Amino acid sequence: MRKTKKSISVFLVLVMGICMLTGCKKDLSGSQYVGTYQLVGLNGQELTQEQQEAAAASLVLNSDGTVTLTVGEQSDTGKWEENDNGVTISNEDGGSPVEFTMSDGKLTGAYSGMEMVFQK
């Protein structure tokens, strides 16, 4: 459990390292992606309820194009936009964006060899 939480934390810190608040406001209020998602899977494995609670990881896609990623008490912000298959999270400096695809109501994204699955 501790190793899973550490893996999740490391991954989320890396992802949010590229997701800085840009100040660029968009109106995405009609987007199906706007909302709060909880981490439900990591590296192809579904997390148990206990693991989800221990990780306390959430992804909030706001209607103004900003995103907040939270792990426990640590939060970072960035920007997001829709793409053909889901959403892209990136920073204003043009760092490596993270693509999340939507399938069966879940957003799945990979970064630095780790895969995360979020669900509303």
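Which pattern does the chain follow when read along the sequence? Colour the model by secondary structure and the pattern reads α-β-β-α-β-β-β-β-β-β-β, which comes to 2 helices and 9 strands, where helices (H or I, at least four residues) and strands (E, at least two) are DSSP runs numbered from the N terminus. This is a predicted model, in which local features need pLDDT of at least 70 and side-chain atom pairs count only at pLDDT 80 or more, while totals for chains, interfaces and linings use all residues. Residues are numbered from 1 along each chain as its sequence is written, and side-chain values use heavy atoms, with hydrogens and water left out.

Of the 120 residues, 38% count as buried, where buried means under 20% relative accessible area, exposed over 50% and partly exposed in between, with a 1.4 Å probe and protein chains only.

Now hide the surface and select Leu59, Leu61, Trp80, Leu107 and Phe118, which touch the most other members among the 22 residues of the largest nonpolar core; such a core is a set of buried Ala, Val, Leu, Ile, Met, Phe, Trp, Tyr and Cys residues joined through side-chain atoms within 4.5 Å. Elements giving two or more residues to this core include β1 (35-42), β3 (57-61) and β9 (114-119).

Centre the view on Leu107, whose contacts (heavy atoms within 4.5 Å) include Tyr33, Leu59, Val87, Phe100 and Phe118, not counting residues up to four places away in sequence.

From there, select the 1 aromatic pair that a search of the whole structure finds. The rings of Phe100 and Phe118 have centres 6.2 Å apart and planes at 65 degrees, so the pair is edge-to-face (ring centres of Phe, Tyr and the six-membered ring of Trp within 6.5 Å; planes under 30 degrees apart stacked, over 60 edge-to-face, the rest tilted). Because Phe100 lies in strand β7 and Phe118 in strand β9, the pair ties together parts that are 18 residues apart in sequence, and both residues are buried.

Move on to Ser31, in the loop between α1 (2-17) and β1, which at 10% relative accessibility counts as buried and touches Trp80 and Glu82, not counting residues up to four places away in sequence.

Finish at Thr77 in strand β5 (residues 74-82), which counts as partly exposed at 31% relative accessibility; a C-alpha to C-alpha distance drawn to Val60, 17 residues apart in sequence, gives 9.3 Å.
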